[in-house]
Amino acid sequence: MQSFSEQVTIEKILKARANIRAFVKPTPLFRAEKLEELFGGAEIYLKLENFQYTGSFKTRGAANKILSLTKDELSRGVCAASSGNYAQAVAFVASRLKAKAVIVMPENAPAAKVEGVRGYGAEVVLYGLTGGDREDKCAELTQQYNYCPVHLHDDPMIIMGHATVTVEAAEQIRVLSGSFDEIVFPCGAGSLLSGAARASKSLMPNTKVTGVEPAAVPRFTMSLKEGKPLTVEMGQTIADGLRVGRAKPLNFELIRDNVDNLLTLEDEPIRRAVREAALRCKIIAEPSGCIGIAAALDGKIDTGAGRRICFVITGGNVDVKLLTDILNM
Ligand SMILES: *Cc1c(COP(=O)(O)O)cnc(C)c1O
């Protein structure tokens, strides 16, 4: 039998890249000299997915998934459960395809996020507070109205769409000068890290792949230790995009097989990373998006001279109040 991780191949990732071209934009690979001043001599690059359509890399996975649907599935409308960036991504892609999108969001979703999703023409259903609530509601609506569900987690099409960010970064650094010594990704449910790491191992085999998850929700660190996918209790973290308790099997396998280094990190350096990105680089990144920089600020990544490190800045959808607090700190 084909193992899970054999479904995610570099050939299919390259195909995804061509497939989604009209739905995503190539984002800049930015040399961050002003951040380098904080470190030990390494060259620092930022892959800026905060400039992606909808403000996060999730548009990549959403596009690859929705483009894989049949005409019939698409005409029924798509339904997804999300509290965060995936909601906007699905709404955006569906609207470009002139398909209906129904997004189940939590009752306490910030108005700005709900308006963002509605702004792309999607219908928003506010329901419950937990991820489980939202998934149940999504299943119910799917049943009732015959929508086509497009779940975010553990789906090879989503994973391979996300992975195109590595393909792009690898091309960009090749044009400049060779490759990275290390590439660093935030890790929540792990759909980004799993596919992006897989792509990195094919395209840049000598590049160390690092993932960073919040210390409050260390699902993959614990799962790797135990050798099987686990669900951990969800602690609080400022990195709201990384608050996922469950390690799912496909992501687990891919992370186990392709990630060299998995770190956990507290919130304090994440706040500092948001601040340094804004003030030094003039880049607005959300907390989840700069947990990699935060790990370096915390001394957990070797930033010594002669190394070339890429941090994937996954998104820029930060709450204005939180951003203001961080800038004033
Ligand atoms: C979703 C998200 C992540 C985490 O991606 P996973 O695939 O869940 O690990 C990181 N940063 C941002 C900005 C996100 O929206």
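Reader: What order do the strands of the open sheet have?
Author: The order is β5-β4-β3-β6, four strands with parallel pairing. Strands pair if DSSP finds at least two bridges between them; strands (E, at least two residues) and helices (H or I, at least four) are DSSP runs, numbered from the N terminus. This is a predicted model: local features need pLDDT of at least 70, side-chain atom pairs count only at pLDDT 80 or more, and totals for chains, interfaces and linings use all residues. Residues are numbered from 1 along each chain as its sequence is written, and side-chain values use heavy atoms, with hydrogens and water left out.

Reader: Which strands stand at the edges?
Author: β5 (123–126) and β6 (148–149). Each has a single partner strand, so one side of each is left without a neighbour in the sheet.

Reader: How many bridges join β3 to β4?
Author: Four, between residues 78–81 and residues 101–105. Ala-80 stands opposite Ile-103 in β4.

Reader: And which helix lies across β3 and β4?
Author: Helix α5 (residues 85–96), running at about 170° to β4. Angles run from 0 to 180 degrees between N-to-C directions, with axes fitted to C-alpha atoms, for helices over the stretch in contact (heavy atoms within 4.5 Å).
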